[in-house]
Amino acid sequence: MKYVEEFLWKKFGLTNRIPVFVFQMGKVGSHSIGNSLEKQYNGFVCKGHVFSKYFGELGQRKLFDNYYRKGKKKIKIISLVREPIGRNVSAFFQNFEVERGEAPDKDIYTIDNLRSIFLSEYRHYEPLSWFHFILHHFNIDVFKREFPSQGYCLYQNNEGVELLVLRSDLEDKYKEEHIGNFLDLSNFKIERFNIGRNKSYGEVYREFVEKVKLPEWYLEMMKESIFFNHFFSKTEIEEICSHWR
């Protein structure tokens, strides 16, 4: 097993450049960044929404877990943030067929049906608690520092972990610039993948976003969260919530 792991470490660049972990909640545009980095970064790139040693091609996550937890070597983490209401709606449609066994087809579900299912069954706290996972696994508390209005911030701990947090609504040219600087990767370009509006459920998803109004209790739950208030201004929060009223 030792020789297998040595081979895989070399194959995925663990003995070369600092490994990169694109670690974030789903539906924030991270898939595009992770896939683009796999093509352009000459080193190990790991992607995930959970931290599990049993995830990824040929046990990539297990190797990454060993690299960090056993070796305490340097790693770089990229995590994106998206406003939680739009993110939850996007993730709801992304996971609908997997969780319910059928697509959100307009012939089966009305928009009102989908609204009710969304409110009653979806895991709405996922984005609000995301950075508790970062704190737990990597001992970085992003809430200790004010998040800059420029939409990105760098953090690090005392164990060689560096974290780049980006707002997902930044223009790609700025994401490319910040990620390129973070990884010393010149001419980094983002290629788009996994866009909900272009998927089979795109039409009903667009109609949901355009027509659905959400109850005030739901909007207040989001408005009062530390997550929403940390990464978005009061004005932005009101503008986002007003769309759903």
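Let's start with surface. The chain exposes about 12700 Å². Carbon and sulfur atoms supply 49% of that area. Keep in mind that this is a predicted model.

Now the inside. The chain has 245 residues, and 51% of them count as buried. Take the contacts between residues at least 6 apart in sequence: 67% of them join residues at least 24 apart.

Next, the secondary structure. We have 11 helices and 5 strands. The sheet is open and has 5 strands. Read across it, and the order is S2-S1-S3-S5-S4, with mixed pairing. The edges are strand S2, residues 45-48, and strand S4, residues 152-156. Each of these pairs on one side only. From one strand to the next, the twist averages 20°.

Let me stay with S3 for a moment. Strand S3 covers residues 75-81. How many of its residues are buried? The count is 7 of 7. Both faces are covered. On one side sit Ile-75, Ile-77, Ser-79 and Val-81, all buried.

What about the neighbours of S3? Strand S5, residues 161-167, pairs with S3 in the parallel sense over 7 bridges. Within that pairing, Ile-75 has Val-161 of S5 as its bridge partner. Further along, Ile-78 stands opposite Leu-164 in S5. S1 also runs parallel to S3, and 3 bridges join the two. Here Val-20 stands opposite Lys-76 of S3. For anyone new to sheets, strands pair through backbone hydrogen bonds, either parallel or antiparallel.

On to the helices. Helix H7, residues 172-183, lies across S1, S3, S4 and S5. Its direction is at about 175° to S5.

Helix H4 takes in residues 84-100, and helix H8 takes in residues 202-211. Their axes come within 11 Å and cross at roughly 155°. An angle over 145 degrees counts as roughly antiparallel, so H4 is roughly antiparallel to H8. The crossing is right-handed. Which residues make the contact? From H4, they are Val-89, Ser-90 and Phe-93. From H8, they are Val-204, Tyr-205, Phe-208 and Val-209.

How values were computed: Residues numbered from 1 in each chain as written. Predicted model: local features only at pLDDT ≥ 70, side-chain atom pairs only at ≥ 80, totals over all residues. Heavy atoms only, no water. Helix = DSSP H or I, 4+ residues; strand = E, 2+ residues; numbered from the N terminus. Buried < 20%, exposed > 50% of the residue type's maximum accessible area, 1.4 Å probe, protein only. Contact = heavy atoms within 4.5 Å. Areas by Shrake-Rupley, 256 points an atom, 1.4 Å probe, with all protein chains shown as cover. Pairing = 2+ DSSP bridges. Axes fitted to C-alpha atoms, helices over the stretch in contact; angles between N-to-C directions. Parallel < 35°, antiparallel > 145°, perpendicular 65-115°, else oblique. Left-handed = near helix turned anticlockwise from the far one by under 90°.
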